[in-house]
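Hi there,

Here is the structure I promised to pass on to you. Please open it and keep it beside this email as you read.

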Amino acid sequence: MVKRKFWLKHQMHKPVVFLDIDGVLNSKQWYVHDAASHEGTSPVSNERKLWEHSIDPDCVQRLNRILQQTGAVVIVSSSWRKKHALSEIVSILESRGFRGEVDGATSANGTISRTEEITEWLAENRPLGAAYVVIDDELTSALPAERVVSPSNQTGLTDKDVEQAIAILTGTS
């Protein structure tokens, strides 16, 4: 319950964006573009740079727009949290233009699905009435459909997805 008290004391009713990364902040289209832009050059020199280059800065700017227009904070729900410390994820996103606030991550215990991890986080941390949206290209229908934005893994986060997320978080959908 420490988490809940911390959340209530410090965040009050800030909206929450549960963020997946692969398929949201990158896409098949991005990988083709990124590979073409490095054609004829030496490959990326280290693993950290590989992770950075996997993020599409245009998708990051779209995420920034959601956060700026709604005052939302990010809770990382991506599988990246199983490979990287939260501070490293934030640093990688910032290297690609991220300007928001990451306030935590869902649990990554590996015994439950991402949908269940989000549901668990909400039960333990969400103040009554706080708005949230889940941005994920792979979630099942177990979450309320009116709270989910599902970008295509072909394109990543689009302007249409941004408008949908803003509408969900501001109650104008």
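Leaving aside its neighbours within four places in sequence, which residues is Ile55 in contact with? Before the reply, two notes on the source. This is a predicted model, in which local features need pLDDT of at least 70 and side-chain atom pairs count only at pLDDT 80 or more, while totals for chains, interfaces and linings use all residues. Residues are numbered from 1 along each chain as its sequence is written, and side-chain values use heavy atoms, with hydrogens and water left out.

Now for Ile55: with those neighbours within four places set aside, Ile55 is in contact with Ile21, Leu25, Trp30, Val60, Trp80, Ile92, Leu93 and Arg96. Contact here means heavy atoms within 4.5 Å. Ile55 sits in the loop between helix H3 (47–53) and helix H4 (57–70). Helices (H or I, at least four residues) and strands (E, at least two) are DSSP runs, numbered from the N terminus. Ile55 counts as buried because its relative accessibility is 0%; buried means under 20% relative accessible area, exposed over 50%, and partly exposed in between (1.4 Å probe, protein chains only).

Leu25 has its own set of contacts. Not counting residues up to four places away in sequence, Leu25 touches Leu19, Ser54, Ile55, Asp56, Cys59, Val60, Leu63 and Leu93.

Next, the cores. A nonpolar core is a set of buried Ala, Val, Leu, Ile, Met, Phe, Trp, Tyr and Cys residues joined through side-chain atoms within 4.5 Å. The largest one has 32 residues, of which Val17, Leu25, Ile66 and Ile135 touch the most other members. At least two residues of this core come from each of strand S1 (16–19), H4, strand S2 (73–76), helix H5 (86–95), strand S4 (132–135) and helix H7 (159–170). There is also a second, separate core of twelve residues, including Trp121, Tyr132, Val134 and Leu143.

On to charged pairs. Side chains of opposite charge can pair when their charged atoms come close. How many salt bridges are there? The count comes to eight, where a salt bridge is a side-chain nitrogen of Lys or Arg within 4 Å of a carboxyl oxygen of Asp or Glu.

Asp159 forms a salt bridge with Arg62, with the closest N and O atoms 3.2 Å apart. Asp159 lies in helix H7 and Arg62 in helix H4, so this pair ties together parts that are 97 residues apart in sequence. Asp159 also forms a salt bridge with Arg65, where the closest N and O atoms are 3.3 Å apart. Asp159 counts as partly exposed at 41% relative accessibility, and Arg62 is partly exposed at 22%.

Another salt bridge joins Arg114 and Glu138, with 3.6 Å between the closest N and O atoms. Arg114 counts as buried at 17% relative accessibility, whereas Glu138 is exposed at 58%. Through shared partners, salt bridges join Asp20, Arg114, Asp136 and Glu138 into one network.

The contact between H4 and H7 is made by residues including Arg62, Arg65 and Ile66 of H4 and Asp159, Val162 and Ile166 of H7.

Happy exploring!
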